[in-house]
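Here are my notes on the model, point by point. Please read them with the structure open.

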Amino acid sequence: MARTDNDSWSITESVGATALMVAVGRALEARQPQPLASDPFAEQFVRAAGEGFWAKALDGDIDLTSLPKPRFADRIRDHMAVRTRFFDDLFDQAARSGVRQFVILAAGLDSRAWRLDWPDGSAVYELDQPQVLAFKTQTLAGHTPKADYTPIAVDLRDDWPAALADAGFDPAKPTAWLAEGLLAYLPAAAQNLLFERIATLSAPGSHVGVNARIGGNYAAERPFWQQAREELAAQGLDLDMQDLIYAEDRDDPADWLSARGWLTRVSTDEALLKGADRAFETDEEEHAPRIQYIHATQPTAESSDAAN
């Protein structure tokens, strides 16, 4: 089903279902002898969502090796592993720099509030659709967050800064922001508005973590996603990623942030995979999307003086 301006979803439908795919990747990585990033709650989320496609995949009842290309399961696992590690490290670096306020936008099934070791006084705010947050808090009801955790049920297309302020967020304090796996699900104008709001709410010393598609042509990717849909549907999952994303030309987040004075460090999926000794496979005929990972920091007066 194509997106609409005021659409909403549960964890098993539309954009919510993509969070389950991410959880599967993290669950598969957690089973590795030496996981790059270990999420002990990922499989719990998948099981709580019911005996659907992804639960069957974890049990080996669905052959992921042929979907939509060879090593599909490995690719999900490896990409989620390096993605999770990158943003875990970003939060750790922000905490070491003194940040104690963390905001996770479109949090989905992120479990960092429960699984990371947070410094004393850390506050974690999570924003997402009401049904998604309700599913998460119910699933993890028997576990205690390791930080002061505040879920905020709000659509990011609405006035989420007001909801954040009402929940106790302090814009005078440096903040670490995370927009993981989010931007493609926003129209281009909404992406710019998101970053404008983040910039307005960010005190010096703030951090932003985001992953985004690298250039290219959305139209060229359509055959890849169509094949993926057909092969997934053949095994019981009717999920069309092209119906869920906004295939619009948009500003590059690293360029947008750099132009506004943020210091940016960019890594690619290829570099992260190779750095983790994971295979990086690409096919020029495949036109699969490539991803960049961005860690941006808002300079403090001290860092600006040092740079000069």
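1. Leaving aside neighbours within four places in sequence, alanine 27 is in contact with Ala42, Glu43 and Leu58. Contact here means heavy atoms within 4.5 Å. Alanine 27 sits in helix α1 and is buried, with a relative accessible area of 2%. Buried means under 20% relative accessible area, exposed over 50%, and partly exposed in between, with a 1.4 Å probe and protein chains only. The C-alpha atoms of alanine 27 and arginine 77 are 8.0 Å apart, although 50 residues separate the two along the chain.

2. A word on the basis. This is a predicted model, in which local features need pLDDT of at least 70 and side-chain atom pairs count only at pLDDT 80 or more, while totals for chains, interfaces and linings use all residues. Residues are numbered from 1 along each chain as its sequence is written, and side-chain values use heavy atoms, with hydrogens and water left out. Helices (H or I, at least four residues) and strands (E, at least two) are DSSP runs, numbered from the N terminus.

3. Next, the sheet. Seven strands form an open sheet in the order β3-β2-β1-β4-β5-β7-β6, with mixed pairing. Neighbouring strands are turned by 15° against each other on average, direction ignored. Two strands pair if DSSP finds at least two bridges between them. Strands β5 (207–213) and β7 (291–297) pair in the antiparallel sense over seven bridges. Arginine 213 has isoleucine 291 of β7 as its bridge partner.

4. Helix α6 (130–139) has Val132, Leu133, Phe135, Lys136 and Thr139 buried. They lie on the same side of α6 because they cover an arc of only 155° around the axis, taken from the directions from the helix axis to the C-beta atoms. These buried residues pack against α2, α5, β2 and β3. Helix α6 lies across β2 and β3, at about 145° to β3. Helix α8 (188–201) lies across β1, β4 and β5, at about 165° to β5. Axes are lines fitted to C-alpha atoms, for helices over the stretch in contact, and angles run from 0 to 180 degrees between N-to-C directions.

5. The cores. A nonpolar core is a set of buried Ala, Val, Leu, Ile, Met, Phe, Trp, Tyr and Cys residues joined through side-chain atoms within 4.5 Å. The largest one has 51 residues; Phe91 and Trp118 are among those with the most contacts inside it. Helix α1 (14–30) gives the largest share, eight residues. Apart from this core lies another, of 29 residues, including Val103 and Trp160.

6. Aromatic pairs. The whole structure holds 13. Rings of Phe, Tyr and Trp (its six-membered ring) pair if their centres lie within 6.5 Å; planes under 30 degrees apart count as stacked, over 60 as edge-to-face and the rest as tilted. Phenylalanine 87 and tyrosine 293 have ring centres 6.0 Å apart and planes at 55°, so their pair is tilted. Phenylalanine 87 is in helix α4 and tyrosine 293 in strand β7, 206 residues apart.
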